[in-house]
Amino acid sequence: MTRKGAVIGTFDGVHLGHAIVLSTLTKESEIRNLEPIAVTFDRHPLALIAPHRAPKAIITLEKKEELIRKSGVLPIVIPFDEKLRSTTAADWMKFLRDEHGVEMLVVGYDTTFGCDGLSYSISDYRRLGEKIGMEVIEAPFVAGISSSAIRKAIGEGNVEDAAKMLGRHFSLPGIVVDGNKLGRTIGFPTANLMPSPGIVVPSNGVYAAKAILPDGKKVDAMVNIGVRPTIMRGDNQTVEAHLINWKGDLYGKNIRLTFYNRLRDEVKFNSIEALRKQLEADRQEAINSLQEIKN
């Protein structure tokens, strides 16, 4: 069995705080000639423990695995079930050693694992590690960055602040579904996005974004999230992307919207003509804000 170094965590967002943990793992693993792995879960633990308190995810499981691999670490996804929920910290570490050959464990400042681990400190994990021959190393602390803070920023529409903590711009994946096609009647056809289930959606408003199409092409976009109060009644939230200077059929296809700037709040206008004029201004503002972005 290959000798390994490991980290454990939900890694939602794979943000800059996670990046420090992963880079510490790769550095320390290289010194010890170990293969680095990241043990993560197929869902947030609260989805099983207290579903009503389970947070929306920042990224999909597939994206999480992709980002971890890009850091030079192999992701190991474990189903979070009742058996895992009842596993003690000591048994967790024995499992890692016996099943995955883990000889070194890197933990963040707030890392906890095991049904009895909520009150554990780094010294407690080191004590458990010493008993089974597993070295435990603490990664440097990064203040002010957490998945919950990023989730809050996105949910409030502060996509710029979220980007600073993520180390990249927030992206919302989903499938294009049929809409009411009202936008095209005023010169602003849109792709109506049904977001991937369980992913946090920015608050209602108008955003400058880039749409990543199925072929990988990136297109400037103006995105409206909300209830379209000028032309609709009710409170069903929609995510509509107007792809600037692009024409084509995206129905039934998966795309990703990467958010760069929030342009304004969603507003109810007195007429369709007033809405159209504002959309023209929004489109130009989106173009201006995106013109220097290369990625």
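A residue counts as buried when its relative accessible area is under 20%. In this predicted model, phenylalanine 113 has a relative accessible area of 5% and is therefore buried. Tryptophan 92, at 3% relative accessibility, likewise counts as buried.

These two residues form a ring pair. The centres of the rings of tryptophan 92 and phenylalanine 113 are 6.1 Å apart and the planes stand at 70°, so the arrangement is edge-to-face. Distant parts of the chain are linked by this pair, since tryptophan 92 belongs to helix 5 (residues 89–100), whereas phenylalanine 113 sits in the loop between strand 4 (102–107) and helix 6 (122–132), 21 residues apart.

A search of the whole structure gives 8 aromatic pairs. Another of them joins phenylalanine 41 and phenylalanine 80, whose ring centres are separated by 5.5 Å and whose planes meet at 80°, so this pair is also edge-to-face. Phenylalanine 41 is part of strand 2 (residues 35–41) and phenylalanine 80 is in the loop between strand 3 (74–78) and helix 4 (82–85); the pair therefore ties together parts that are 39 residues apart in sequence. Both phenylalanine 41 and phenylalanine 80 are buried. Through ring pairs, Phe41, Phe80, Trp92, Phe95, Phe113, Tyr120 and Tyr125 are linked into a cluster.

Between strand 2 and strand 3, the parallel pairing extends over 5 bridges; alanine 38 has proline 75, in strand 3, as its bridge partner.

In soluble globular proteins, nonpolar side chains tend to be buried together. The largest nonpolar core in the model comprises 48 residues, and Phe170, Val223, Leu257 and Phe259 have the most contacts inside this core. Beyond residues up to four places away in sequence, valine 223 touches Gly205, Val206, Tyr207, Ala209, Val239, Glu240, Ala241, Leu257 and Phe259.

Asparagine 224 is located in strand 9 (residues 218–226). With a relative accessible area of 17%, asparagine 224 is buried. The side chain of asparagine 224 makes a polar contact of 3.5 Å with that of glutamate 266. When residues up to four places away in sequence are left out, asparagine 224 touches Gly205, Val206, Thr238, Val239, Glu240 and Glu266.

Glutamate 292 lies in the segment after helix 9 (272–290) and is exposed, with a relative accessible area of 67%. The C-alpha atom of glutamate 292 is 37 Å from that of valine 7, and the two residues are 285 residues apart along the chain.

Methods:
Residues are numbered from 1 along each chain as its sequence is written. Side-chain values use heavy atoms; hydrogens and water are left out. Rings of Phe, Tyr and Trp (its six-membered ring) pair if their centres lie within 6.5 Å; planes under 30 degrees apart count as stacked, over 60 as edge-to-face and the rest as tilted. Helices (H or I, at least four residues) and strands (E, at least two) are DSSP runs, numbered from the N terminus. Buried means under 20% relative accessible area, exposed over 50%, partly exposed in between (1.4 Å probe, protein chains only). A nonpolar core is a set of buried Ala, Val, Leu, Ile, Met, Phe, Trp, Tyr and Cys residues joined through side-chain atoms within 4.5 Å. Contact means heavy atoms within 4.5 Å. Two strands pair if DSSP finds at least two bridges between them. A polar contact is a pair of N or O atoms within 3.5 Å; within protein, one must be able to donate a hydrogen and the other to accept it, and residues adjacent in sequence count only if both atoms are side-chain atoms.
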